[in-house]
Amino acid sequence: MRLGLAFILVALVAACGTPQEQCIRTATREVRTLDRLIAETEANLARGYTYEEHQIVRHEWMRCDDWVRGTPARMCFEPVWHTVKRPVAIDPQAEQRKLDGLKARRKALGLQAEAAITACRAHYPE
């Protein structure tokens, strides 16, 4: 049992990465976010529309929360929230301006991230 627990703890620590990897991950977080937004905006332009997420509520029959073991189960009509995506038209010119701004910001942050990565590698050599 103790060996299994020790193995799990070692695996969890190893999954977190080395200090250098953690430093690099922190330094490049904004760049990764911008990369995701750029890809999403490019996909919107290619499709000609985007998706908006909306929360809707549906009611479903479920076993009531106050059920006690040994008593007959009661059913309750409970609200359940669902996320649905709906296509929405975009303004291609506005979307292109947004993409241009994201790419310019990405370029500036990329230079900062490179310097931070170099500092991480110098501070935490492997």
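**Notebook: helix packing and a disulfide**

I noted that the chain averages a pLDDT of 88, with 88% of the residues scoring at least 70.

For the record, residues are numbered from 1 along each chain as its sequence is written, and side-chain values use heavy atoms, with hydrogens and water left out. As the model is predicted, local features need pLDDT of at least 70 and side-chain atom pairs count only at pLDDT 80 or more, whereas totals for chains, interfaces and linings use all residues.

I then looked up α3 against α4, whose axes (lines fitted to C-alpha atoms over the stretch in contact, with angles from 0 to 180 degrees between N-to-C directions) come within 9 Å and cross at roughly 155 degrees. The two helices are therefore roughly antiparallel, a label for angles over 145 degrees. Contact, meaning heavy atoms within 4.5 Å, involves residues including L34, I38 and L45 of α3 and L99, L102 and L109 of α4. By class, I found ten nonpolar, four polar and eight charged residues in the contact of α3 with α4.

Next I turned to helix α2 (residues 19–27) and helix α4 (residues 92–123), which pack at an angle of about 165 degrees with their axes 9 Å apart. This pair is therefore also roughly antiparallel. The contact is made by Q20, C23, I24 and A27 of α2 with A113, A116, I117, C120 and R121 of α4, and I sorted these residues into seven nonpolar, one polar and one charged.

Last, I checked the cysteines and found that the structure holds two disulfides, a disulfide being a pair of cysteine sulfur atoms within 2.5 Å. One of them joins C23 to C120, with S to S at 1.9 Å, and with -65 degrees about the S-S bond this link is left-handed. C23 lies in helix α2 and C120 in helix α4, so the pair ties together parts that are 97 residues apart in sequence.

Key. Helices (H or I, at least four residues) and strands (E, at least two) are DSSP runs, numbered from the N terminus. Angles under 35 degrees count as roughly parallel, over 145 as roughly antiparallel, 65 to 115 as roughly perpendicular and the rest as oblique. Ala, Val, Leu, Ile, Met, Phe, Trp, Tyr, Cys and Pro count as nonpolar, Asp, Glu, Lys and Arg as charged, and the others, Gly among them, as polar. pLDDT is the predictor's confidence in each residue, from 0 to 100.
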